[in-house]
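Please read this briefing alongside the sequence and the 3D view.

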Amino acid sequence: MTPAMSVGPAPLSERFRWGLRLTAQALRRHRATWVLSALGFACATAALAACLTLAHGSSFQAPATGTAQLVAFLNDALPASDRDALAATLRQLPGVSGVRVLPSDEALGRMRAELGPRAALLDGVEDGFLPTTLEIALRPGRQGAGRADELAWRLRRMGGISDVDVLRNEADHRLVTEQETSRHLRWALAGAGALLALASLALVGLVTRRQRADAILLDGLGFTAWAVCGPAFFMGAAAGAAGASAILLALHVAGRLASLPALAWLGAVAAGGLGGARGQAAAFVAAGLLGGAIAWWGTRPPGRTSARPL
Amino acid sequence: MARGPLTAPATTKLALARQRRTIAFVLRLVAVTLRLGGELVLDGLTVEARAGEILLIEGNRGAGKTKLLEVAAARRQPDAGEVWIADHDVTALQRGSLPFVRRNIGYVEAEPRFLSRMTVVENVMMPLGARGEPAAWAREAAVRALGKVGIVGLGAHDPACLSNGARRLAAIARALAGVPPLVIVDEPSASLSAVDAGAVLSAMCGAVEGGGAVVCASADSAFVAAATAAGARRLRLDAGRLVPGVGTMVALPGRRGPLAGGPDALLDPQMELGS
């Protein structure tokens, strides 16, 4: 009599029990791996939160007093009604403190005044030598200074406007330069954060890969792919979710601490990094799924190719 | 040709899908060819192991013994030929179906590996876990298997802390646990004292008496002599080919596919080719 050969899956209850047993053993035997994985995911989440914070970086910068003014030169053919409508529209834009229509003759008079003793140069100039212009004053502050270029860009593309000048004083120029530098710095830091996140995930992949030998052994003993990779998948998912949760919790605590006057800046940092309830839920789920996927990838049985170990 | 899974398609309910069938378990390799790095390792080998026998494969280093066992244990895919285990050609199975075959094979590789940070008993229990046996029964069977090779006292140790000989004994116990239908052992007496090798041979004989088949490869002349005295059938391998006149297997030209007449054909006396 030959011993019985069992084919087909084992009873569900036994598979479940052995699955739990394998998961518990994986947790016990690879504690350091899972702790490192959770830390890796914490680093990755922190790096991504930092990217988010940096993307909203201007929201917690100190206010400034930069000012800017735009001068839009209107086409001669633009009817007065359209000119007034354009001025009214511009007044409604955020950051615009005032719009003034400067008729051609008034512009000429102002130029004469600015030329002073050399005003005689303008003698004999016919009416309408200078175009009618719109003087647009922006509210002071970094937003206003930064918006001047954007608004000028938009105005240049509108019908009825032949050209736009941006007038800035020295402080405004410095402010714009500072904003450009800040923007580049934010991008650089966000890139570094993204690289740190990728490096952390690569670390998770490497430490999970250490279980490869065990996976190959279990595969050889006749455990199915689910039994081999399932425990690692669940542990990886748990590590990912735990790492992400730790950082989200830390940001929440930071948000609470922001009620203290000295730590008010933390509120903006936390708000930028948290990215709302949906963002937090997405980060939690994504970290869990990513952790599980990486662990599955690290422990999956080898493929079947000719003349190679099965 | 579609490659079907190993699981029997007749039943649909998961609880009923598992079948424990008592069969005349036979391993048969038909015209197996294996190349590694362009070098011919196994050259059209046809070998079979019947239920209730020990098949001993001799050969010098590099003769292809280990690769032959790997192919027979469904660990390595040959370049050509068929590997029949019971009534399944494992070379035609899907990757996902291989575990269902492997769990019926007790395999001891040349360098036994164990799950790290687990005791010897827990490691020996693992094949039974793959078969879905209850944990309590698996532990009992594991202890019994350790007793067969005489290391029941080492059950609570970590395999990493054991000597090479003890690790080999533990691996053999793992292969024998639960009395699998097919046991494949590479160098069963390596690193073992004469007493331990005798215990291993006794355990292998016990598996055969239970109706299983044992295939082992050895270059140890003392072990070969003892196994032959115990009734083992010998085959000699040289440069990937069977040496004629040694053992009982000679391939019959023109006869391919051992299951042309169904699984029962494996027990057909006509299949005993040559002598």
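This is a predicted model, in which local features need pLDDT of at least 70 and side-chain atom pairs count only at pLDDT 80 or more, whereas totals for chains, interfaces and linings use all residues. Residues are numbered from 1 along each chain as its sequence is written, while chains are lettered from A and ligands numbered from 1 in the order in which they are written. Chain B holds 8 helices and 11 strands, where helices (H or I, at least four residues) and strands (E, at least two) are DSSP runs numbered from the N terminus.

**Confidence in chain A**

- The average pLDDT of chain A is 76, and 78% of its residues score at least 70; pLDDT is the predictor's confidence in each residue, from 0 to 100.
- Over residues 58–65 of chain A the pLDDT stays under 50, and the model has 12 contacts for this stretch beyond four places in sequence, a contact being two residues whose C-beta atoms, placed from the backbone, lie within 7 Å.
- Residues 304–310 of chain A likewise have a pLDDT below 50, with 20 contacts in the model beyond near neighbours in sequence.

**Chain B as a whole**

- Of the 275 residues of chain B, 48% count as buried; a residue is buried if 20 or more other C-beta atoms lie within 10 Å of its own, exposed if 12 or fewer, and partly exposed in between, with C-beta atoms placed from the backbone.
- Among the contacts in chain B with a separation of 6 or more, 69% are between residues 24 or more positions apart.

**The six-stranded sheet of chain B**

- In chain B, 6 strands form an open sheet in the order 7-8-9-4-10-11, with mixed pairing; two strands pair if DSSP finds at least two bridges between them.
- Strand 7 (105–108) and strand 11 (241–242) of chain B each have a single partner strand and stand at the edges, so one side of each is left without a neighbour in the sheet.
- Strand 7 and strand 8 (residues 182–186) of chain B pair in the parallel sense over 4 bridges, and B:I105 has B:L182 in strand 8 as its bridge partner.

- A second open sheet in chain B has 4 strands in the order 3-2-5-6, and its pairing is antiparallel.
- Its edges are strand 3 (39–49) and strand 6 (88–89) of chain B, each with a single partner strand, so one side of each is left without a neighbour in the sheet.
- Strand 2 (residues 27–36) and strand 3 of chain B run antiparallel and are joined by 7 bridges, with B:R35 opposite B:L40.
- Helix 2 of chain B packs on this sheet, touching strand 2, strand 3 and strand 5 (80–85), and its direction makes about 125° with that of strand 2; axes are lines fitted to C-alpha atoms, for helices over the stretch in contact, and angles run from 0 to 180 degrees between N-to-C directions.
- Because 7 of the 8 residues of helix 2 (residues 65–72) of chain B are buried, this helix is largely enclosed by the rest of the structure; the buried residues include B:K65, B:K67 and B:E70.

**Positive phi values in chain B**

- Most residues other than glycine have a negative phi.
- B:V179, which is not a glycine, has a positive phi of about 50°, and lies in the loop between helix 6 (164–176) and strand 8 of chain B.
- B:A239 has a positive phi near 50°, and its place is in the loop between strand 10 (233–238) and strand 11 of chain B.

**Packing and cores**

- A:P231, in helix 8 (residues 225–257) of chain A, counts as buried with 25 C-beta neighbours inside 10 Å, and its contacts, not counting residues up to four places away in sequence, are A:G19, A:L22, A:T23 and A:A26.
- The largest nonpolar core has 122 residues, and those touching the most other members are B:A72, B:V124, B:I172, B:A173, B:I184 and B:V215; such a core is a set of buried Ala, Val, Leu, Ile, Met, Phe, Trp, Tyr and Cys residues joined through C-beta atoms within 7 Å.
- Helix 8 of chain A gives the most to this core, with 14 residues.
- A second, separate core of 9 residues includes A:L70, A:L74, A:I136 and A:V164.
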